[in-house]
Amino acid sequence: MKTILAATDFTASSWNALRFAAEMALDFDTDMTVVHATHIPVVSDVYFDLRKSMEDWRQEDELQMVKVIDKLQKKYGPALKVKSRLKIGYGADVIRDMVKK
């Protein structure tokens, strides 16, 4: 196993999944990549505040990702080799594309 890919939406539930992925990465002595995908809806503003710019969303995502990575590093220490990726798109498509690479 080369890398464990773990998706997050920055919720408490996804934190549990990240902890599990981090423990697996340590057990298998492999890298871990945390990915967050932001889907931009084309038509509806029901779930997405269209008054925000893409830059606003990117900055918020970056801040949340820094917090997640810091939290992982504090919990598991330098032995956890963790990277992060922020992507735009459907979560499943982003993960599928990352796995192919």
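Is Arg58 buried, partly exposed or exposed? At 34% relative accessibility, Arg58 counts as partly exposed, where buried means under 20% relative accessible area, exposed means over 50%, and partly exposed lies in between (1.4 Å probe, protein chains only).

The exercises below concern a predicted model, in which local features need pLDDT of at least 70, side-chain atom pairs count only at pLDDT 80 or more, and totals for chains, interfaces and linings use all residues. Residues are numbered from 1 along each chain as its sequence is written, and side-chain values use heavy atoms, with hydrogens and water left out.

**Exercise 1. Describe the order of the elements in the chain.**

Step 1. The chain has three helices and three strands. Helices (H or I, at least four residues) and strands (E, at least two) are DSSP runs, numbered from the N terminus.

Step 2. Read from the N terminus, the elements follow the order β-α-β-α-β-α.

Step 3. Of the 101 residues in the chain, 30% are buried.

**Exercise 2. Locate the salt bridges and state where their partners lie.**

Step 1. The structure holds three salt bridges. A salt bridge is a side-chain nitrogen of Lys or Arg within 4 Å of a carboxyl oxygen of Asp or Glu.

Step 2. Lys81 forms a salt bridge with Asp29, and their closest N and O atoms are 3.4 Å apart. This pair links distant parts of the chain, 52 residues apart: Lys81 is in the loop between α2 (54-76) and β3, and Asp29 is in the loop between α1 and β2. Lys81 counts as partly exposed, at 35% relative accessibility, whereas Asp29 counts as exposed, at 58%.

Step 3. Arg58 forms a salt bridge with Glu62, with the closest N and O atoms 2.4 Å apart. Because Arg58 and Glu62 are four residues apart in helix α2, about one helical turn separates them. Glu62 is partly exposed, with a relative accessible area of 34%.

Step 4. Arg96 forms a salt bridge with Asp93, with the closest N and O atoms 2.8 Å apart. Both residues lie in helix α3 (residues 91-100), three residues apart, which is about one turn of the helix. Arg96 is partly exposed at 43%, and Asp93 is partly exposed at 33%.

**Exercise 3. Identify the residues that form the surface patches.**

Step 1. Patches are made of residues with over 30% relative accessible area and no salt bridge; like charges are joined within 9 Å, and nonpolar side chains (Val, Leu, Ile, Met, Phe, Trp, Tyr) within 5 Å. Accessible areas come from the Shrake-Rupley method with a 1.4 Å probe, and for residues only the protein chains shown count as cover.

Step 2. Leu5, Ile95 and Val99 make a nonpolar surface patch of about 220 Å².

Step 3. Lys83, Arg85, Lys87 and Lys101 form a positive surface patch. Lys and Arg count as positive and Asp and Glu as negative, while His and the chain ends are not counted. The place of a charge is taken as NZ of Lys, CZ of Arg, CG of Asp or CD of Glu.

Step 4. Lys83 belongs to strand β3 (residues 82-88). Its relative accessible area of 42% makes Lys83 partly exposed.

**Exercise 4. Find residues other than glycine that have a positive phi.**

Step 1. Phe10 is not a glycine, yet has a positive phi of about 70°. Phe10 is found in the loop between β1 and α1 (12-27) and counts as partly exposed at 21% relative accessibility.

Step 2. Asp29, also a residue other than glycine, has a positive phi near 50°.

**Exercise 5. Characterise Asp61.**

Step 1. Asp61 lies in helix α2.

Step 2. At 11% relative accessibility, Asp61 counts as buried.

Step 3. Asp61 and Thr38 are 23 residues apart in sequence, and their C-alpha atoms are 8.4 Å apart in space.
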